[in-house]
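Please keep the sequence and the structure in view while reading.

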Amino acid sequence: MRTQSSATAPTRIAVSGPTKASAGTLQAALGVIAFSLTFPATAWGLEGFGPWSLVAVRSVLAALIAGGCLLALRVPLPSRSHWPGLAVVAAGVVVGFPLLTTLALQTSTTAHAAVVVGLLPLTTALLSALRVGTRPSRTFWTAALAGAAAVAAFTVQQSGGALTSADLYLFAALLVCAAGYTEGGRLARVMPGWQVIGWALVLCLPLTVPAAALALAYEPVHLTAHSVTGLLWVAVGSQFLGLVVWYRGMAAIGIPKASQLQLAQPLLTLVWSVLLLGEHLTVAAPLTAAAVLVCIAVTQRARG
């Protein structure tokens with residue numbers, strides 16, 4: 001197969017600054033909405049699948065969709081210099097985060113697990129500053145820290161303030177996902193975002209296919225409407241389509257600003273948890289939502 005390089009990259013149509021920023025913000029927001037359903041969908045999936053089976057099968061299904069798109073469009077292989085970055089995306093977003101959060105959700109509620117995504121924007125911005133060289137303003141960092149603190153306080157309060165054994169999984173997931181987001185956002189500047197996650201998924205197939213076969217052989221499977229729906233969402237919505245628009249959004253508006261849109265993700269997850277899982281939502285939610293929206297508005301206007 002041919003290798004993708006700057007010489008063979010397709011010509012892009014110039015887009016005005018405000019229009020590009022608006023489109024990027026919309027795409028990143030759609031990614032956040034897709035991700036906000038991940039924990040409830042995972043909880044549904046765990047009703048019929050074991051944790052290892054759910055993670056492996058979701059990755060295989062998403063890789064088959066992505067690989068089919070890459071083959072149908074005859075997309076050339078990425079250049080050799082892009083493969084290390086794709087490996088980081090694969091390790092963090094395709095394998096690490098789904099596996100660690102799924103293991104955590106065996107003993108943790110979705111409200112408690114939302115602590116991870118509450119702190120993810122700040123961690124992503126920090127790694128972005130180190131890896132990509134971005135230098136957001138003090139206003140940006142102040143708003144980001146305030147938003148992260150509000151979300152973390154709210155989600156910890158939702159879970160009664162108790163730390164569980166699942167927290168180790170959650171904090172590890174936080175780190176690997178932030179690394180995958182940072183590297184994916186960097187790659188999405190030089191290649192289409194859907195190809196970033198597509199190649200990362202395909203790269204994992206030699207690992208996920210045998211893992212799925214082994215896990216399905218040892219973990220019992222009980223197919224129900226909930227478990228199948230949950231599996232399909234985390235495979236198609238969270239693992240592929242959500243990451244496609246997310247990486248496109250990050251490439252358009254920058255990793256730090258896109259990451260701050262995720263401050264709304266825990267609150268959206270809690271809403272879905274009430275509607276889909278019947279979990280109880282306290283009166284603190286509207287107050288936290290207002291604080292988070294203010295922080296998002298500030299970070300979107302702050303100049304990096």
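## Q27 and its contacts

Not counting residues up to four places away in sequence, Q27 touches V245, W246, R248 and G249, where contact means heavy atoms within 4.5 Å. Q27 belongs to helix α1, residues 17-36, a helix being a DSSP run of H or I with at least four residues, numbered from the N terminus. Q27 is buried, with a relative accessible area of 18%; buried means under 20%, exposed over 50% and partly exposed in between, for a 1.4 Å probe and protein chains only.

This is a predicted model, in which local features need pLDDT of at least 70 and side-chain atom pairs count only at pLDDT 80 or more, while totals for chains, interfaces and linings use all residues. Residues are numbered from 1 along each chain as its sequence is written, and side-chain values use heavy atoms, with hydrogens and water left out.

## H226 and E47

H226 lies in helix α10, residues 225-253, and is partly exposed, with a relative accessible area of 33%. Leaving aside neighbours within four places in sequence, H226 is in contact with W44, G45 and E47. Although H226 and E47 are 179 residues apart in sequence, their C-alpha atoms are 7.3 Å apart in space, and a polar contact of 3.3 Å joins their side chains. A polar contact is a pair of N or O atoms within 3.5 Å; within protein, one must be able to donate a hydrogen and the other to accept it, and residues adjacent in sequence count only if both atoms are side-chain atoms.

## Helix α4

Helix α4 covers residues 83-104, and its 22 residues reach 30 Å from the first C-alpha to the last, close to the expected 32 Å, which is 1.5 Å times one less than the number of residues. Because 16 of its 22 residues are buried, α4 is largely enclosed by the rest of the structure.

## An enclosed space

One cavity of 30 Å³ or more is counted, a cavity being a set of points on a 1 Å grid over the protein atoms alone where a 1.4 Å probe fits but cannot get out, with lining residues having an atom within 4 Å of a point. The largest cavity has a volume of about 170 Å³, the volume being the space filled by probe spheres set on the points, which are joined across faces, edges and corners. Its lining has 17 residues, of which F35, T38, R58, F97 and Y181 lie nearest the centre.

Terms used. Helices (H or I, at least four residues) and strands (E, at least two) are DSSP runs, numbered from the N terminus. On a 1 Å grid over the protein atoms alone, a cavity is a set of points where a 1.4 Å probe fits but cannot get out, and a pocket is an open set with protein on both sides within 12 Å along at least five of seven lines; lining residues have an atom within 4 Å of a point.
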